[in-house]
Amino acid sequence: KLKISNIFYSIQGEGKFIGTPSIFVRFFDCNLSCNFCDDLDHKKGYSEYSFDELLKTIANYPSKHLIITGGEPTIYELNSFIEFLQSKGYFVAIETNGYRFENVSKADWITYSPKNWDEIKCDGFSEIKFIVNSSSKVEKILNLQTQKQIYIQPQNHMDTPNMENMQFCIEFVQNNPHLKLSPQLHKLLEIE
C-alpha cells in the first residue's frame, strides 16, 4: 500500500513543465526537516492506497501529467508504481531531494532539489533546482559542473512569494544567463 498525504489537481509552478496542468500525488514523510519547507501536509498523516485505488482517484482528472512529490518520495521503492502509471498512459515526474534516486529511476522526469549544497549529486536526474534566499552562498551553484538545466527558485513563504528573495533570484539569473528562474507560479497565482 502507498502512504499518500494528499492528491490534488493544479498547475505545475516550477521547472521545465511550468504551466502544465498536473496531478500531484504527495507521499507521506521525509528524511529531512528543512526549516523552509513550504508544505507540511506530508507530516500530518496519510491514507493508504493500492495501485488500483490510486488510479481510480486520479482518473477523475483530465491530465495525464502526474507529479510524485512529498515529503520525500524516494524513501519508498516506487519503480513498480511508476511503471504501473506509465502502463496506463501517465507521464510520471518526480520531485526529490535526491535521497535515493534508484527508488524512482523508472520515472519519465526527475527534478532534483539538493538541500545540502556541499554534497550535490552529479547524475540520476533530469533537472536540478536550487531553493535560494538573499543570503544563500550562490557561488556553489556557479561552481557546479553539469549539462542539466539549473533552475533557481526563490525561497518563498508558505503560501505567498517572498519578494526580497524573488528580486535576489531575478538578479542572480540575469547576471548568470545559463540559469533559469523557477518562481513557483502557483504561489504567484494563489492556487494550490
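Me: Which residues does glutamate 14 touch, not counting residues up to four places away in sequence?

Reply: Contact means heavy atoms within 4.5 Å. In this predicted model, glutamate 14 touches Glu95, Lys129, Gln153, Ser182, Gln184 and His186, with residues up to four places away in sequence left out. Residues are numbered from 1 along each chain as its sequence is written, and side-chain values use heavy atoms, without hydrogens and water. Because the model is predicted, local features need pLDDT of at least 70 and side-chain atom pairs count only at pLDDT 80 or more, whereas totals for chains, interfaces and linings use all residues.

Me: Is glutamate 14 buried or exposed, and where is glutamate 14 found?

Reply: Buried means under 20% relative accessible area, exposed over 50%, and partly exposed in between (1.4 Å probe, protein chains only). Glutamate 14 has 9% relative accessibility and therefore counts as buried. Helices (H or I, at least four residues) and strands (E, at least two) are DSSP runs, numbered from the N terminus. Glutamate 14 lies in the loop between β1 (2–11) and β2 (21–27).

Me: Which side chains does a polar contact join to that of glutamate 14?

Reply: A polar contact is a pair of N or O atoms within 3.5 Å; within protein, one must be able to donate a hydrogen and the other to accept it, and residues adjacent in sequence count only if both atoms are side-chain atoms. The side chain of glutamate 14 makes such a contact of 2.7 Å with that of lysine 129, and another of 2.9 Å with that of glutamine 184.

Me: Lysine 129 belongs to β7. How many residues of this strand are buried?

Reply: In a regular strand the side chains alternate between the two faces of the sheet. For β7 (residues 127–132), six of its six residues are buried. Glu127, Lys129 and Ile131 lie on one side, and Ile128, Phe130 and Val132 on the other, so that both faces are covered.

Me: In what sense does β7 pair with β6 and with β8?

Reply: Two strands pair if DSSP finds at least two bridges between them. Strand β6 (residues 109–112) pairs with β7 in the parallel sense over two bridges, and tyrosine 112 has isoleucine 128 of β7 as its bridge partner. The pairing of β7 with β8 (residues 149–154) is parallel too, over six bridges; here isoleucine 131 is bridged to glutamine 153 of β8.

Me: Which residues of the largest nonpolar core touch the most other members?

Reply: A nonpolar core is a set of buried Ala, Val, Leu, Ile, Met, Phe, Trp, Tyr and Cys residues joined through side-chain atoms within 4.5 Å. The largest has 42 residues, and Leu54, Ile58, Ile68, Leu85, Phe130, Ile141 and Ile152 touch the most other members. Helix α3 (residues 79–87) gives the most to this core, with four residues. A second, separate core of six residues includes Phe8, Phe24, Ala93 and Trp109.

Me: Against which elements do the buried residues of α3 pack?

Reply: Asn79, Phe81, Ile82, Phe84 and Leu85 of α3 are buried. The buried residues of this helix pack against β1, β2, α2 (51–58), β4 (65–69) and β5 (91–96). Just after α3, glycine 89 takes a positive phi of about 95°.

Me: How many helices and strands does the protein chain have?

Reply: The protein chain has six helices and nine strands, and 49% of its 192 residues are buried.
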